[in-house]
Every structure is written in C-alpha cells, then in structure tokens.
Amino acid sequence: CAASRQAACGATCIPIPWLCDGEQQCPNGTDEQCGCECCSVPSVCGAKKVQCPGTHHCIPHWELCDRHQDCEDGWDEEGCPQQPCLPGQWQCRNRVCIMAEWKCNGIDDCGDSSDEDVCAPCPPGMVRCDEGKCILESLMCNDEDDCLDGTDEPSTCGELCEAAGHRPRARVVVQPHNFLPAYFCQVCSARVDVRSGDLYWLAFPHLSCPRTHMPCRDGTECVAQEYVCDGEKDCADGSDEDTCAHLCDTPGRSHFAYPCGLGVCLNASLVCDGRQDCADGSDEGGNCSVPCQRSCAHLCYPSPQGPRCWCDPGYRLAEDGLSCVDIDECAEQGEGACSQTCLNAPGSYSCDCLPGYLLEPDGQDCKLTGPEPMLLVAVQSDVLFYGLRSGREEVLLATDKDRVIFSLDYDLVERKIFWMDLATESIRWQGLDPGKKGTLVKGVRSDCIAVDWLGRNLYWIDGAAGQVLATRLGAAWRGVPEYTVVVDGDLDRPHSLVLQPLAGLLYWSEVGSRPRLMEATMDGSRRRVLLAQGLGWPTALALDLPTWRIFWLDEKLGSVGSAHLDGTSVKVLQLGWVRSPFAAAVCEGQLYWSEKKAWSVQQVDKASGKNRTVLLKRHGQPHGLQVPSPRSPKPYCTNGCAKSNGGCAQLCLPNP
C-alpha cells in the first residue's frame, strides 16, 4: 500500500484522502480511528502523517513520492508511479497531473500545493503555509490542520490545553527539544524522537471555532451560526437552542410559546398550571392567580407577569398587546417553508408543486413524478449513472485509463452524453444507444461545458483565454474548427457555466482578482453582474429552476451560497466539508457536488446545509456532475433557434 501512496485497510488498500474523512471504509473502522484515547498512543504520528518504517520519524503524507528522500532509508520514494503527464498537463510534486494553465491560479489543484508554492504572494487576507498553500487568516489557530504540514497551528497559538473540565478531541503535539511549554497541559503520554530529539505528547486542546461558527457548551464541537436558534438541536447538548427566548414566536416553533428565564420556549398552556415546567420555575408563581379580564382578540392566558393575550397559530401579537396580525410564513421562513411554491393564507400557509412534481406527505417537499432521477457523474476515466433513490450504480462510459473526463453534460433530446476529453483536447459525445459516438470539436480546452438542448448548441468556458464559446450540437469534426466566441473581454478567469435554455440565458462564475457571478443572453449580449460581494472562489454553479435560484460552492470560503436569479435574496452557509468542489447540481430538495480531494460525491439539504451524505466514493477523482431531466421536453418549448436553426446557415444563438 505504501508503495502506491495508499493506506492499509485490512487486506486491501485505500487512498490516503479517505483517512479520517468521517466515512468508514475499512470493515474494522481503522480508517476513522483518528484520535487517541488517553495513555494509548500507538504511533507518534498525528493525522495526515505517516511513519517511516523502523523509526519514530514522521513525515506529512504529501511528502510521499515527492522526488525527495525524507525517510533515512528512502522508503517514501520507493515504488512511486513514473507515468508522465499528457501534452498540455503539468506534473505536480506528488506526480499528479493537472492542466498546465492551473499552475499559479491561487487554487491547490495538485493537493500538495506544489502548483502554487512557487507563485506570487497570497492574496490579501490570506497566509501561506510552509508547504506553499494559501489559506484564510481566520483559519490560523483554529485547532484544525488546514495546512497539510500543520504550520497554521504553531505552539504560539496560545493555550493548547485546559487543566480541568471537559476534554475535547485529543491530538498529538510536537515541540522542539530546546523549547518547553510555558503553560500547563494535561499530558497522559509522551515520547521522544531519538533521531531528532523532538518531544511528542498527547494533549487535550482547547476548542477554537472559526468566526462563522460557535462552540457548543460541552466544548466538543462547533456549529454554524446559521444553525443557532433555528428550532433544531445541532449541538449534542442542545446548547445552540439555549438563550433563544426572544424567538419564541418565530414561525415554525410551537405556538403559544412562553419564554422561560433560561431561554427555553414553553407551550403557554403549561404556564401557571401548578407545576414547574421551566427549569428555573419562571412559569409559576408571581401573578398567576390574577384573572384574565383583558380585551384580547384571540386568547387570554394567566402568567407570572399577569394576564397576557395570546394568538392562534399563524398569528403574532401586535404592538398593542391585544390584537393579532397574520404571520407571512412564506416571507419569513423563505426556502425553509416550502421546497418550491409557498402560498400564504390568514393564520396559515400551504405548499404547492410545479407540474411534474408531487407534494410529499410532509406538506413541504416536492418529489419528481415518473422515472427515478439519476445523477450523471464523471469519475476519472468513467461516466456513471447513480440512482438518487435506489443508490444503483451503472457505468455508462469507460474510456482509456490515461484519459480524464472533466466536465460533462447531457442532451435530453437526442440522449447523448457530451464530455471534455483532456487527453485529445476535444469535446466528444456518446449516445446511450451502443455504438453511437463521435467528436464534436477539437483543439479546445475547457473546465466546463453546457448543453443548450433547446437551441441545439453546446457552450464551454476557456478559463485561460477568458472566453465563453459555442458550437452546434449537430456539428461533426471535419478538420476545421466550427465554433464562435460568445463572450470575450473583461472576463477574469471564468470557471463554471450553467444555462437556462427556456429563458435564453447563460450564467458563469469568475474566480480571479474580482470574483463574481455573471449573466448574459445566449448570444453574449445584455451582460450584467449578478453578484460581486461575499465571494472567494465560486468554482461550482447549479441552477434550481423550480425555485428560480442559482447555487454556488465556494472553495476559498468553504461555503454554499444561493440567490434569486435577479441577484437578490442572497443566502450563504458556511460548511466545513466544502473543500475542493468541482461541479454541482440540484434535484428536489438536495444539493449535490463532486469533491476532488476527498474523491467523493456528496449531498446536503439545499436550504439548511444539513444532513450531509457521501453518495459515491471511488478510486479516482470525480469531476463533471449533472442531474438530467427524466422527462422529454414539452413540444411547446421553443425559441428562435429551435425551429430550422432560426434560418441560420451555421450557428444560431438565441437572443430572447
């Protein structure tokens, strides 16, 4: 396993990125045994490090096969792959091949930062790790090794250990032999590296959360600020829902809610009932015996503060303390109220679904009718279909092992898969019927392609040239390029591209010095900035047409964002597991994306960012990802180019 830069997993080997990723792969769970129990330290090496055989010397896993002998006996360089990169690619220090233009683009595409460690200084607000990668300053001293070599967690971060109380996750701390800590630590096991003289000890560090998160009271975990006081207990001890008494009348919580003194919401029918239901007893005593004689519009309840007016479900007490006003749940809860259409009514609301969807029994979520929705995903040199309900996997396309399938899309009219072939610098296609395949265009490079199934065109991004280009879906390679530049000029490293054929619009992201989301008509005209604030590297885009929103995953900020297609109603969720997203798709109530470094395809609830699930994890990096429509387009769907190619002899580009 070590010779192939993999980790032992029983009788098999697994990729190193699968270690300590929260998903058990080995039958005995050894791939997730990342911490240590007190006084039981099997190795001096911490997470993301490997031990040179026969010694106590530890090296970061990214130093395996880096063409430099780090272990005394050269074990870390034995049996390393020698396959050269393809034309147009660049070989990383760890021998991973990436596109040549990705070097010095501010993103760690190699995984060992070797494509960035010889480049210009990090952007403002970021710092460079010793191994070369740039990280946000806010990630320094957050008790997580965001740098592969751990240089973002030096001993100077401050207090590492706490003398008493609860114990967060243990970790191995390294201290040079000529320096001893000036603070007290709970140390239950220590070893000395006889080769270097460095002292290793097992300690319990003080939990430090990023600015976007808050620590739970027991000190064992952090939760996103968006999850605080949202009516759900995300901390194991429920402390994220404490001190939320001021939100007792928030839509979605129990009606007639009475705020206890400690911040808990209590059903008002339990107030002044002779039993202490609030932990501090604040629901009893006081003026509970005073009778209700107020002119309340709905109901009157006794309380320790005297008689109070209350409102029926769906209403809120007005400022006069007597009358009640309707709560517009659709406006106040936003996406959390309904997955598609929300209809407000006096004292209530209801959800509805678009044609082709069926309302689930919960009255909120909409489910596609007809065949099972499928996820189309490229994993290294293969294209798979994954059933989003059954979990069934089917290999649709298997190319040569030396090829990498990057972006892909699906033409639901002719049932063809289009993909970017890096090895031949061409966009190729294959039908779902056996034997049908071909090449659409050659001599192009692209991070992202997109099919306009209605106008019968294919668009792609050329990040190096800063262009959006297009060609006809029916084109066949005849030795001469047949495509046109749709958008050019003032594009700052365009990266991801999505289309809205019914509206004749295209959207793309830019990840340069001025990150932004852009919109234009499909002929490249009427270009406008959709969003230019709060973005880092929006590397993956997806459209959710039922809700008329655009989603993006931000590699630099580790977040998921969404906004209405007019640029309003922006919502951003900070999610720690968003690390290296490549492509994304939305289906029903879920957001799906491919994680390059974790070699997995994952999903979360699109509205809350909760309930993360790893759907696919295979030997190879996942890239392109789509959820094709299970239904054929309606016959009334048309635009200017849909009939007779708009009267054009060659390429017709819609301009709605």
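Q: How do you know that β36 and strand β37 pair, and in which sense?
A: Two strands pair if DSSP finds at least two bridges between them. β36 and strand β37 (residues 516–521) have six bridges, so they meet this criterion, and their sense is antiparallel. Strands here are DSSP runs (E, at least two residues) and helices are DSSP runs (H or I, at least four residues), numbered from the N terminus. The model is predicted: local features need pLDDT of at least 70, side-chain atom pairs count only at pLDDT 80 or more, and totals for chains, interfaces and linings use all residues. Residues are numbered from 1 along each chain as its sequence is written, and side-chain values use heavy atoms, with hydrogens and water left out.

Q: Which residue stands opposite Trp508 in β37, and how many residues lie between β36 and β37 in their hairpin?
A: Trp508 stands opposite Met518. The hairpin has five residues between the two strands.

Q: Why is strand β36 called largely enclosed by the rest of the structure?
A: Buried means under 20% relative accessible area, exposed over 50%, and partly exposed in between (1.4 Å probe, protein chains only). Six of the six residues of β36 (residues 505–510) are buried, so the strand is largely enclosed. Leu505, Tyr507 and Ser509 cover one side, while Leu506, Trp508 and Glu510 are buried on the other.

Q: How do you know that Cys330 and Cys342 form a disulfide?
A: A disulfide is a pair of cysteine sulfur atoms within 2.5 Å. The sulfur atoms of Cys330 and Cys342 are 1.9 Å apart, so the pair qualifies. The torsion about their S-S bond is about -80°, so this disulfide is left-handed. Cys330 lies in helix α1 (residues 329–333) and Cys342 in strand β20 (residues 341–345), so the pair ties together parts that are twelve residues apart in sequence.

Q: Why is Cys330 called buried, and why is Cys342 called partly exposed?
A: Cys330 has a relative accessible area of 18%, which is under 20%, so the residue is buried. Cys342 has 23%, a value between 20% and 50%, so this residue is partly exposed.
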